[in-house]
Amino acid sequence: MMLSQSLTFYQELQQIPDPRDARGKRHSSFAYIIGSVLLALMHCRTSLSSIHRFLKNRREQLQSLFQKEDSPSISRAHLPRILSKVDWLFVSHLTQRHFGFALSITQEWVAIDGKCLRGSSKQDKLMFLFAVTHQSRITLEQTPLQGKKENEVPYARNMIQTS
């Protein structure tokens with residue numbers, strides 16, 4: 001029997017090296033944070049705020065589950081910094097092996113911004129809202145804007161909800 005087959009999921013998470021700087025570690029183990037976030041994802045929490053609320057509201061349950069009674073709550077501002085350091089491909093392989101599902105991993109950030117087309121008159125400015133990937137620079141979606149530039153936010157929200 002291979003060592004990885006005899007380890008539990010949480011024990012395998014604990015084998016992942018902690019990429020955080022030792023000077024700034026105030027939170028519990030890296031494995032505890034990843035395991036807690038995975039549970040939040042399994043409970044259909046997909047936004048950072050929703051994940052943070054899950055971690056905060058179920059802190060005692062998570063501490064008991066992972067046997068980390070002394071772990072303080074992680075702040076909402078610190079959560080994305082920690083999650084950006086996770087090797088999600090490796091974690092996805094672990095979830096596939098232990099639970100039979102792989103994580104859906106998006107490797108690229110997407111920028112949403114409004115642009116006024118060059119050459120359009122001041123009265124009839126032609127404005128569009130674009131969603132573009134950072135690395136590959138692929139335009140995922142574009143929509144025309146009506147009115148002033150301040151109206152980008154509702155269009156961006158609609159763009160995110162429909163994709």
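This is a predicted model: local features need pLDDT of at least 70, side-chain atom pairs count only at pLDDT 80 or more; totals for chains, interfaces and linings use all residues.

**Entry 1: a first crossing.** Residues are numbered from 1 along each chain as its sequence is written, and side-chain values use heavy atoms, with hydrogens and water left out.

I then looked up the geometry: α3 (residues 30-42) and α5 (residues 59-66) pack at about 125°, with axes 11 Å apart. The axes are lines fitted to C-alpha atoms, for helices over the stretch in contact, and angles run from 0 to 180 degrees between N-to-C directions. That angle makes α3 oblique to α5 (under 35 degrees is roughly parallel, over 145 roughly antiparallel, 65 to 115 roughly perpendicular, the rest oblique).

Which residues make the contact? I listed Tyr32, Gly35, Ser36 and Leu39 from α3, and Arg59, Leu62, Gln63, Leu65 and Phe66 from α5; contact means heavy atoms within 4.5 Å. By class I counted five nonpolar, three polar and one charged (Ala, Val, Leu, Ile, Met, Phe, Trp, Tyr, Cys and Pro are nonpolar, Asp, Glu, Lys and Arg charged, the others, Gly among them, polar).

**Entry 2: a second partner.** Next I turned to α3 and α7, whose axes come within 13 Å and cross at roughly 65°. That makes α3 roughly perpendicular to α7. Here I saw Ile34, Val37, Leu38 and Met42 of α3 meet Trp88, Val91, Thr95 and Phe99 of α7. This contact has seven nonpolar residues, one polar and no charged.

**Entry 3: the core.** The largest nonpolar core has 25 residues, and I noted Leu13, Ile34, Val37, Leu55, Leu79 and Val91 as touching the most other members. A nonpolar core is a set of buried Ala, Val, Leu, Ile, Met, Phe, Trp, Tyr and Cys residues joined through side-chain atoms within 4.5 Å; buried means under 20% relative accessible area (1.4 Å probe, protein chains only). Which helix gives the largest share of this core? I found that α3 does, with eight residues.

**Entry 4: the whole chain.** Lastly, I noted eight helices and three strands.

How values were computed: Helices (H or I, at least four residues) and strands (E, at least two) are DSSP runs, numbered from the N terminus. Buried means under 20% relative accessible area, exposed over 50%, partly exposed in between (1.4 Å probe, protein chains only).
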